[in-house]
Amino acid sequence: MDTAPLTVASPEEPQETLRILIADDNDSDRLILQTIVRKEGHTVYTARDGQEAIDIFREQSPDIVLLDALMPNVDGFEAARTIKALAGDDLVPIIFLTSLRDATSLADCLAAGGLDFLSKPYNRIILQAKIKAFASMRRLHETVQRQRDEISLHNDRLIHEQEVAKQVFDNIAHPGCIDAPNIKYLLSPMAVFNGDLVLASRKPSGGMYVFLGDFTGHGLPAAIGAMPVSEIFYGMAQKGFSLQDILREINKKLKRILPVGVFCCACMYDLSFRKRSAEVWVGGLPDILVYRKKTRVIENLPSRHLPLGVVDNDRFKTETSVIPLDFGDKVFLWSDGIMEATNDRGEMFGEDRVRDVIASTPDADAIFSAIEAAVEKHAGRGEQDDDYTMVEVTMVNEEDMGEYFSDRGKSFLAGGPKDWSMTYELRPQTLREFNPLPLITHLLMEVPGLRPHSGKIYTILSELYSNALEHGVLGLQSDLKASADGFARYYLERTKKLSDLYAGSVKFHIDHHPVKDGGVLTIVVEDTGPGFDFKAREQASHKKEGYSGRGIPLIRTMCRSVRYLEPGNKVEVVFDWHVDV
Amino acid sequence: MSTNPERHVDVSALQDLKEIMESEFETLIDTFIADSTNKLEELAAAIAASDADALRKVAHSLKGSSSNICAGELSELARQLEFMGKEGTTSGAAAILQQLRGEFITVAAILQKNI
């Protein structure tokens, strides 16, 4: 290369150009100061008195102000106060130019808003140092201010987002029928951000589910899990799924979506008014207390399970405790917030205190508010910052619920397909490769109110289908199944014949029509087999029951009628069902 | 002039100031002399009127500007007048003003010589 750089970059950092206001009534002093500052590369504005200084500040908003203390008209102190007021939140370093020496005068300078002094005679080095120091102080202040504004903006946005999130949560995690007359509950308005959740739903079959959940952690991470829990709970409860089904589904979902270490302590309570009992599942929450109204005895139902979202469904247990209940008996569910509320000595509220409160409250209907008051007194906190979640469910005569459920009950049966029929024919390829039962069951479960009968319906369908396929289409003899050995041979043969199947079919004809508070479901299954002498078989089956022949008698106990039609390749089952109110 | 200039003006500091001011140095000297001449009259008026506060203010200003122009003795005399003003008195100020006037004439001469 034959070209050399023409300039060499200075190793020093480039001089920052500041805009500096100098106010001094003394012409020669002002001239000296102005010359020094200008030589440092700054832009200078000059004023002869305090008023001029204020006017220039207003127009130019300089970065630093050098202010003589004693000036005619408006003096330096007055000017400093006005300039500070004009600057507002911005930091405008004011340096007093003074040959004042006494402490009182210097204190006056500080009181007026001065940050430093420059004494006469002026020293160029000191002046340089001060300007540099105050320039960086000003930059620092600007940075802090900008960050403060950003933080404040972020905070505003966060609060706004929380409000929006809360609205979404409130819509999804709505409390269902938590305001039913037999339920009392305590739940902070922002409980979802404490990770607490209370859900209640009426069951289509009558009775109600109550769910209390307590997610680990706080804030948005704790709140996230509330959405799927609520959706699953309400979706499945209204379709009539069992407590076990709902818990399994919630557990599966939470296990899949929640990070390790985040889970949901929960209890689910299934109250049946008609049976006067309740089923309870508790996972990781404090003991549920059952209060017997007549005897005033308190029983504990401890947690017997892991919280939701901890283990996979194959290890998830849904065993429940069944408790018989009399009218007026109460069950208390809570998150650990109540039990662990501490007083100023660090003592937790605890179950003993709960029991004391109950024991000293003869009026059963006053227990709930007595516990609430006792916890608040114990913790000495206002209602504002509580994260106490507590639910009391009272066993009542359903008639005593008054109008509460009367309208809602109807709506459970509203909508959905109620009056219809269909024919579904399965030909060889389908018979070989496809099990139609889940699909048909799923279709039937769309009938409003039929869900609680899904177990029976599945039993009926599977018995009729396997008879039609195995005996009708495949021609297998059920006599084979009379011995354990034959049972195995039967299934070997079934597999072989099915894979070789190229002709025949099974036809479902399903008809549903509604009646008051229920419906009539008729299932006809027809196969292409030759049929069988069902009259003889029916008589025989009364006498002996071996490995075979158990299915149809069982079905007879579930249905209004089971009828074979000639020539024995067609069977009709009529199933009556009613909403269990 | 027979007196040693160093007793009135810090000449080496003045040279530094001259370097800083460059072409403005002459203006500075002219400004200082004109300004100080006015101040001497204001001081005389304040003493004549026994106005201690005016004495304090004008003397304070002169104290500062003469220190900046490296005239230590002049600044010291101004300080004495300022102190009197602050004490609320003008008695005896006339004698010091007389001394200050002489000092100013000497300083002005040295400054003009250094341009």
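In this predicted model, seven residue pairs, both members at pLDDT 80 or more, are in polar contact between chain B and chain A. The elements that give two or more residues to the side of chain B touching chain A are helix 1 (11-21), helix 2 (25-48) and helix 3 (52-68) of chain B, and helix 3 gives the most, with eight residues. Sorted by class, that side of chain B holds five nonpolar, eight polar and eight charged residues.

The contact draws 21 residues from chain B and 18 residues from chain A. Together the two chains bury about 1600 Å² between them, with 59% of that area on carbon and sulfur atoms. On the chain B side, B:Ile20, B:His60 and B:Asn68 lose the most area to chain A, and these residues together account for 36% of what that side buries. The count of salt bridges between the chains is one; A:Lys39 forms a salt bridge with B:Glu22, and the closest N and O atoms of this pair are 2.3 Å apart.

A:Thr35 lies in helix 1 (residues 27-39) of chain A, and among the residues that A:Thr35 touches, leaving aside those up to four places away in sequence, are B:Ile20 and B:Met21. A:Thr35 counts as buried because its relative accessible area is 11%, which is under the 20% cut-off.

Elsewhere in chain A, helix 2 (residues 50-60) has A:Gly50, A:Ala53, A:Ile54, A:Ile56 and A:Phe57 as its buried residues. These buried residues pack against strand 1 (19-23), strand 2 (43-47), strand 3 (64-68) and helix 3 (76-87) of chain A.

The largest nonpolar core has 54 residues, of which A:Leu66, B:Leu43 and B:Leu81 touch the most other members. Not counting residues up to four places away in sequence, B:Leu81 touches B:Leu43, B:Leu55, B:Ala59, B:Ala93, B:Ile96, B:Leu97 and B:Leu100. A second, separate core of 41 residues includes A:Trp420, A:Tyr465, A:Val525 and A:Val571.

A:Gln244 lies in helix 9 (residues 243-257) of chain A, and this residue counts as partly exposed because its relative accessible area is 22%, a value that falls between the cut-offs of 20% and 50%. A:Gln244 touches A:Glu279, A:Thr318 and A:Thr320, again not counting residues up to four places away in sequence, and a polar contact of 3.1 Å joins the side chains of A:Gln244 and A:Glu279. A:Gln244 and A:Glu319 are 75 residues apart in sequence, yet their C-alpha atoms are 8.0 Å apart in space.

The atom-to-atom distances described above are listed here.

| Pair | Kind | Distance |
|---|---|---|
| A:Lys39 and B:Glu22 | salt bridge, closest N and O atoms | 2.3 Å |
| A:Gln244 and A:Glu279 | polar contact between side chains | 3.1 Å |
| A:Gln244 and A:Glu319 | C-alpha to C-alpha | 8.0 Å |

Key: Residues are numbered from 1 along each chain as its sequence is written. Chains are lettered from A and ligands numbered from 1 in the order in which they are written. This is a predicted model: local features need pLDDT of at least 70, side-chain atom pairs count only at pLDDT 80 or more; totals for chains, interfaces and linings use all residues. Side-chain values use heavy atoms; hydrogens and water are left out. Contact means heavy atoms within 4.5 Å. Buried area is the accessible area (1.4 Å probe) that two parts lose on being put together, summed over both. A salt bridge is a side-chain nitrogen of Lys or Arg within 4 Å of a carboxyl oxygen of Asp or Glu. A polar contact is a pair of N or O atoms within 3.5 Å; within protein, one must be able to donate a hydrogen and the other to accept it, and residues adjacent in sequence count only if both atoms are side-chain atoms. Helices (H or I, at least four residues) and strands (E, at least two) are DSSP runs, numbered from the N terminus. Ala, Val, Leu, Ile, Met, Phe, Trp, Tyr, Cys and Pro count as nonpolar, Asp, Glu, Lys and Arg as charged, and the others, Gly among them, as polar. Buried means under 20% relative accessible area, exposed over 50%, partly exposed in between (1.4 Å probe, protein chains only). A nonpolar core is a set of buried Ala, Val, Leu, Ile, Met, Phe, Trp, Tyr and Cys residues joined through side-chain atoms within 4.5 Å.
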